[in-house]
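Trainee: I would like to learn how to read a model of this kind, feature by feature.
Mentor: Then let us look at the model.

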Amino acid sequence: MSHAPTGSPFARTEVLADGTALVTVGGSWNLDQALPVVVIKGDRAKVVADGLVDFDSALPAWLYANFKNIRQLDLSALPGRLQSLVQMAEKASSENVAGDDHGLLEQFGSWGVESGHSWGRAFEHIGHTAWGFLRMLVGRAKVNWGDFTLQLQTAGVDALPIVALLGFLTGLIMAYVGLIQLRQVGATVYVANLVSLAMTREMGALMTGVIACGRTSTAFASQLGSMNVSQETDALRALGINPVEYLALPRILAVTLMVPLLGVFATFVGVFGGMVVACAGDLSVEQYLTQAVRAITFKSFLVGFIKSVAFGFIAAWAGCYRGSVAKRSALGVGEAATSAAVLGITFIVISDAVFAVIFNLFDL
Amino acid sequence: MSAPAAILTCADLAIGHGEMVIMDRLTLSLAPGKILAIVGPSGCGKSTLMRALGGLDAPLGGRTTLMGVDLNAAEGKERQDILRQTGFLFQGAALFSSLTLRENIEMPMREFLRAPRKEIRQLAEYKLALVGLADAMDKLPSEISGGMAKRAGIARAMALDPAVIFLDEPSAGLDPMSSGRLDDLILRLREAFGTTIVLVSHEIPSILRTADFCVYLDPDTGTMGAYGPPKSFLQAGQPPKVHAFFSQARFD
């Protein structure tokens, strides 16, 4: 009988009179070679060796991959050590339940169910946070106040430079665009009203909220996600300490407190940014400030402040929530940080729209 | 007939942490296809010795060779070629947490083999099937138990059909059935591919079943307390503490 030259692995298939597929393997099988392709029809097969020079785990792996679904497989004609290597893999596999292949519809259904669970977990976390806050008020929650002061610093004071820069540029851009438009109707003096009102009611809070999502939410998600990976949150639970109260509450409180203050700061810096452009153009400093003070009413200030409080809460909560449900892997922590920023910014924009409707209803 | 050249040797080896020597005057050699067990009380330096033998840590003194090459003197490609022919199972399995079990096994194959993607995939599936994880191959390490992670770590250690496999406490965390199957796997690997295996273990029944040689590290003297076939450690004539360690551990 002729076969392929020594050195290259080969497999020949023929069908016997009783329908059994007879597969002959031979040559030298090793991990670095391309292996032959074999197609088996029917559910009975016998494998024999002819001119088998040597093999490493490439051959048992090939046999396992190609013959694991054959109902009647006869390997008795193969060398004993090869038989045992294939049978050992088959035995170990048969002790486990076979995995299912999911169809497209089933995958879509699974995605829907998982999304539902995800929203459920999100609302559950909000509930735990609110309950923890109530327990804190009556002095029953175990809160890490060391984290609270640390976050006042890192989420608040440390954010001042970036808030100042972005607030200044926002005011500057609005004034620039406003001047171009208002000049056409000879109303450039109202650029001060435009910038002051927009910064106070909208942009001061919105910009600060977005910055908090970028800086703080991602940091919280990474911190809590890493603690999840190293089972620190499990250790807290084992000690009878609620991780939401101990870890999330001080962070959420600190950010909810600091973001409104940063929002007020961003508003004033933005108004100043607008003044730089306006005064470089058509207005005097005195004109600009007079118009700005007239435009900023207590109502506008209150609207911006209420929004800031909500945005601060959303940014901190998104980080804590995504961190607490992060998968226990390096990839999971990265995903948690990304999704915290996305979730935070999305919720901030949605809630901003809701606020617009509510304030309109209450004539604020 | 002359004895086969030793695949692994150490001569007058000193090991430790930083500058602190915890074991010295360690001399042994192992022929290809043999199984060596390192035993001793906790903290005596078993894992440190295994790391030194595998070339992961430089010894504080003496010399180790793997396949005839002094790993501490070898550099670049020579060192990489030798390390490619070894497989390591670490105590905590050390699986890459962001990769599935299959991807963990495929990773060294993709780096070192020129085989097509499909064959790498079937090879990885086979290795996982060998350790009984055929149905968990798409799971992440965070989604499996400690015992399963250990088995996946063994599958990764076997990925490239290494000549020498180092196993740090392979049976720790496994149920008796899995532990017995692991013993079978170790013996069959040796039988099928002539793999040399060095293992650190506290499982005396498993050592008696699988190991050809055993080295007992004695923390009191800071060197080898005994070296020989593990069954001989149960016989009279051994140092009392070695005999006591084996007898006690066997019936725990």
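**Reading the model**

Mentor: Of the 252 residues of chain B, 47% count as buried; a residue is buried if 20 or more other C-beta atoms, placed from the backbone, lie within 10 Å of its own, exposed if 12 or fewer, and partly exposed in between. This is a predicted model, in which local features need pLDDT of at least 70 and side-chain atom pairs count only at pLDDT 80 or more, while totals for chains, interfaces and linings use all residues. Residues are numbered from 1 along each chain as its sequence is written, and chains are lettered from A and ligands numbered from 1 in the order in which they are written.

Trainee: How many helices and strands does chain B have?
Mentor: Helices (H or I, at least four residues) and strands (E, at least two) are DSSP runs, numbered from the N terminus. Chain B has 8 helices and 10 strands.

Trainee: Why is helix 4 of chain B described as largely enclosed?
Mentor: Of its 14 residues, 11 are buried, so the rest of the structure largely encloses helix 4 of chain B. Among the buried ones are B:I120, B:L123, B:Y126 and B:L128, and also the charged-type names B:E119 and B:K127. Helix 4 covers residues 117–130 and reaches 20 Å from first C-alpha to last, close to the 20 Å expected; the expected span is 1.5 Å times one less than the number of residues. After helix 4 comes B:G132, with a positive phi near 80°.

Trainee: Which residues other than glycine have a positive phi?
Mentor: Most residues other than glycine have a negative phi. Here, B:A94 has a positive phi near 55°, and B:E169 has one of about 50°. B:A94 sits in the loop between strand 6 (86–89) and helix 3 (101–112) of chain B, and B:E169 in the loop between strand 7 (164–168) and helix 6 (176–193) of chain B.

Trainee: Which residues have the most contacts inside the largest nonpolar core?
Mentor: A nonpolar core is a set of buried Ala, Val, Leu, Ile, Met, Phe, Trp, Tyr and Cys residues joined through C-beta atoms within 7 Å. The largest has 104 residues, and B:I38, B:L128, B:L133 and B:Y216 have the most contacts inside it. A second, separate core of 66 residues includes A:F220 and A:L249.

Trainee: In what order do the 4 strands of the open sheet in chain A run?
Mentor: Strands of a sheet pair through backbone hydrogen bonds, either parallel or antiparallel. In chain A the order is 1-2-3-4, with mixed pairing; two strands pair if DSSP finds at least two bridges between them. Strand 1 (10–15) and strand 4 (72–74) of chain A have a single partner strand each, so one side of each has no neighbour in the sheet. Strand 1 and strand 2 (residues 21–29) of chain A are antiparallel over 6 bridges, and A:R12 has A:T24 as its bridge partner in strand 2.

Trainee: How many residues does each chain give to the contact?
Mentor: Chain A gives 29 residues and chain B 27, where two residues are in contact if their C-beta atoms, placed from the backbone, lie within 7 Å. On the side of chain A that touches chain B, helix 2 (80–94) of chain A gives the largest share, 7 residues.
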